[in-house]
Each structure stands twice: as C-alpha cells, then as structure tokens.
Amino acid sequence: MKPLEALEHWLQGEIVRPHESRSKSRAERDASAALHVKPSRTLSPAQRVEIYSDMYFERLVEILSEEYSAVCSLAGHDDFRRMARAYLREHPSRHWSLNNLGRKLPEFLAGKFRISRKALLHDIARMECAMSIAFDAEIDTVLTSDAVGRLDPADFATQRLVCVSGLSVASYDHAANSIVRAVRQSEDLPSLDRRRTFTVVWRKEWTVWRLDLTEPMYHILAALARGLPISAAIAEGTRRFHGDPAELQAEISRSFGEWITEGMFASVEKE
Amino acid sequence: MANVQVNTLVAAAFAALIAGAPLAGCATEKKSSHMEASASGKHACKGMNACKGMGACKSGNNGCAGKNSCKGKGGCASAEKHSCKGMNACKGQGGCSTGNNGCAGKNSCKGQGGCAVPVKH
C-alpha cells in the first residue's frame with residue numbers, strides 16, 4: 001500500500017471505528033494517532049482525530065433526523081440519538097452518498113431494539129422511508145389521458161398500468177399520514193391510537209405527495225403496483241367492498257381519474 | 001359484491017382514465033384539501049440563504065403555494081448528501097451533479113442555488 005493510501009485508510013478507520021463497534025483503548029488511540037498527527041497546543045493527536053470522528057457521527061445522525069423528522073419528533077431527541085447510534089452500528093454507511101443511509105430504519109425498528117411507542121414509530125418510519133424513496137426516484141414519463149384514449153378498449157382489461165418510479169402503496173396501523181402531517185406542520189397531533197389506514201406516496205414532478213385511500217381503492221392500486229392486469233386489480237378491490245355497487249363504480253371512476261391526473265402512472269403495458 | 005360485474009367497473013376505470021379527475025386543472029383548492037405534499041430539507045445546500053426563493057416550489061406544486069412548506073427550501077442544488085457537509089471536502093465528491101441543472105462542476109454547491117430538487121413537506 002502506498003504511503004498516502006495507507007494514511008487515508010488509517011484516517012478513515014479512525015473516523016468510522018467508534019460508530020462501528022471496533023473499540024480501542026485510549027492508549028492505543030493515542031499511539032496510533034501520534035504516528036500521523038501532531039498535537040496542538042491544547043489537543044493531543046487522538047483528540048484532534050476525534051473531532052472528525054464526532055463530526056462524522058453527527059452528520060449521519062443529522063441525515064437520519066432530517067429523513068425521519070416525524071420519527072425524531074415523536075421519539076424525542078435523546079431516544080432518537082440512541083436509536084440512531086444502534087442503527088448505524090448495524091447499518092453503517094457504505095457509500096459516499098447518504099441518500100440510502102436510512103433505508104433500513106423501518107426494518108431495524110421491526111427488530112429487537114427497545115424504544116417506547118415502538119409500533120407507532122415503526123409505522124411513521126415506514127411512511128417517511130416511502131417519502132424518501134419517492135423523493136430520490138428517477139423522473140418518469142407520465143401516462144396521459146390522451147394516451148389512454150388511443151388504446152383499444154377491448155384490450156384494456158388485460159393490460160397493466162405501470163406506476164411511476166418510487167410510488168408506494170401501503171397500509172398502516174396508525175393514522176400515519178395525519179400524524180406525519182401534524183408533526184411536520186407543527187399542528188396538534190391526531191389520535192395516536194391504532195387504526196388501519198391506507199396511503200399512497202408518490203412524486204409528481206418536483207413534489208412528493210401523500211394521499212389517503214379507502215380500503216378497496218388501496219387494494220386496487222396496490223395490485224396495479226404489483227403488476228396485476230387491470231381487471232384482476234379491480235377484482236381485488238371488489239372483494240373488499242361491501243356497500244352499494246353504484247358507490248363502488250363511482251369511487252373507481254373518481255379514483256382512476258384522480259390517479260392519472262396526479263401522475264401516478266407511467267405507461268400501459270400489454271400482458 | 002359477487003353481483004358486481006368487473007367488466008362494468010373496468011369500463012368505468014377506462015372512461016375515468018380518459019376523462020381525468022373531475023375539474024382537473026382548476027381544482028387547486030379541492031386537491032390541496034385532501035392531498036399532502038411532503039417536504040424535508042434534503043438539499044445539500046439546506047440552510048444556505050442563497051437557496052431561498054429559487055423556485056423549486058413553483059413547479060407543478062399546487063398545494064405548495066402560500067404554505068410555509070416552501071419557506072427556506074426552494075430550488076436548491078443536488079439531492080445527494082455527503083458525510084462531509086460543512087467541510088471543504090465536498091468539492092469534487094460528485095454530489096453536486098445529480099439532478100442539478102446548473103451546479104455540475106461548481107465548488108461545493110455553496111451559494112449556487114437555482115437548481116431543481118424535489119420537495120417534501
């Protein structure tokens with residue numbers, strides 16, 4: 001290894017090591033740092049290196065707290081930092097971009113880590129993760145009504161509506177959308193009790209949007225997102241609807257019109 | 001719902017896709033009443049004054065107008081985030097080149113502004 005390469009390797013190791021559980025004694029840190037770094041008038045070589053190590057950790061926590069601002073607010077500052085430290089030990093940064101740093105936080109919160117309001121935080125983390133994925137998604141061309149108008153109606157039932165990149169349709173055990181909105185807008189929190197809700201998160205041009213769905217529309221849109229043909233997706237929704245059939249038809253008309261107007265579909269594909 | 005004909009519903013969906021949303025294009029108020037835009041500061045230049053008011057919020061963002069969600073956010077460069085934020089070392093890392101119409105190759109994004117980036121509230 002060349003001298004510069006060795007120096008870089010050493011410094012990187014010293015910066016990330018405290019957050020990845022590779023601990024060294026104070027004496028070891030001092031001896032190691034003294035080989036590469038001069039002391040200042042007030043700081044030892046190891047203390048000078050720790051400035052960068054601490055800064056690195058603070059930046060990672062900052063990223064997580066930005067991406068999961070509602071989780072951070074609901075958990076509280078101290079618990080969020082404790083969670084972030086534990087999370088980063090399991091899922092340290094492995095890429096120069098930090099866009100994906102927090103992607104496994106929902107999975108982490110579903111695990112053994114102990115924190116109060118865990119089920120709520122897990123739900124909110126899932127929604128904020130979906131928002132980040134939509135935020136970072138590539139821009140798709142969007143399906144237009146004009147393009148649909150050129151299709152053969154006879155083939156429509158067996159075709160697939162392809163959703164735009166980053167679109168997420170999910171069910172939650174809390175009123176996740178309302179809670180995220182209230183926290184981010186600094187409004188009074190709605191009930192935090194368990195209640196099943198359904199929300200689609202997607203990006204339209206430069207804005208990430210969230211829209212609550214009824215249960216039948218959730219099943220239809222989720223089926224479309226999974227790649228089911230249109231008739232099969234609609235059948236998924238009808239199985240969950242128990243009211244007046246005319247109401248379901250009206251709801252389908254309203255929802256499909258809204259979904260295409262709001263840019264949720266990228267294209268139509270033949271089966 | 002066994003008596004509901006899926007074919008009828010498929011036809012309704014097809015017609016709706018062609019027609020679009022009722023009052024589409026002039027329903028800003030209605031739309032913003034039930035849809036939520038999402039914003040969080042994910043900009044590389046978050047907190048830099050030069051980003052303010054550069055315009056990301058005005059792109060197809062009907063719900064954003066007049067809301068405080070845009071405050072201090074708009075139009076900042078680069079959706080990539082580095083661990084070296086706040087350090088000179090960001091220069092040449094490459095984060096400024098993604099989704100960044102004017103910042104590519106420029107120094108650290110600082111004060112560049114004016115580039116497109118998604119917004120969340």
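Colleague: Which residues of α12(A) meet α1(B)?
Modeller: From α12(A) the residues are A:I230, A:S231, A:I234, A:A235 and A:T238, and they meet B:V6, B:L9, B:V10 and B:A13 of α1(B), where contact means heavy atoms within 4.5 Å. The residues of this contact comprise 7 nonpolar, 2 polar and no charged. This is a predicted model, in which local features need pLDDT of at least 70, side-chain atom pairs count only at pLDDT 80 or more, and totals for chains, interfaces and linings use all residues. Residues are numbered from 1 along each chain as its sequence is written, chains are lettered from A in the order in which they are written, and side-chain values use heavy atoms, with hydrogens and water left out.

Colleague: At what angle do α12(A) and α1(B) pack?
Modeller: Helix α12 (residues 230–238) of chain A and helix α1 (residues 6–19) of chain B pack at about 110°, their axes being 9 Å apart. The two are therefore roughly perpendicular, a label for angles of 65 to 115 degrees.

Colleague: Changing topic, how many residues of α12(A) are buried?
Modeller: In α12(A), 7 of the 9 residues are buried, meaning under 20% relative accessible area with a 1.4 Å probe, protein chains only. Among what covers them are α11 (215–226) and α13 (245–261) of chain A, together with α1 of chain B.

Colleague: And why does A:T238 count as buried?
Modeller: Because its relative accessibility is 7%. The A:T238 side chain also reaches the backbone oxygen of A:A235 at 2.8 Å.

How values were computed:
Axes are lines fitted to C-alpha atoms, for helices over the stretch in contact, and angles run from 0 to 180 degrees between N-to-C directions. Helices (H or I, at least four residues) and strands (E, at least two) are DSSP runs, numbered from the N terminus. Angles under 35 degrees count as roughly parallel, over 145 as roughly antiparallel, 65 to 115 as roughly perpendicular and the rest as oblique. Ala, Val, Leu, Ile, Met, Phe, Trp, Tyr, Cys and Pro count as nonpolar, Asp, Glu, Lys and Arg as charged, and the others, Gly among them, as polar. Buried means under 20% relative accessible area, exposed over 50%, partly exposed in between (1.4 Å probe, protein chains only). A polar contact is a pair of N or O atoms within 3.5 Å; within protein, one must be able to donate a hydrogen and the other to accept it, and residues adjacent in sequence count only if both atoms are side-chain atoms.
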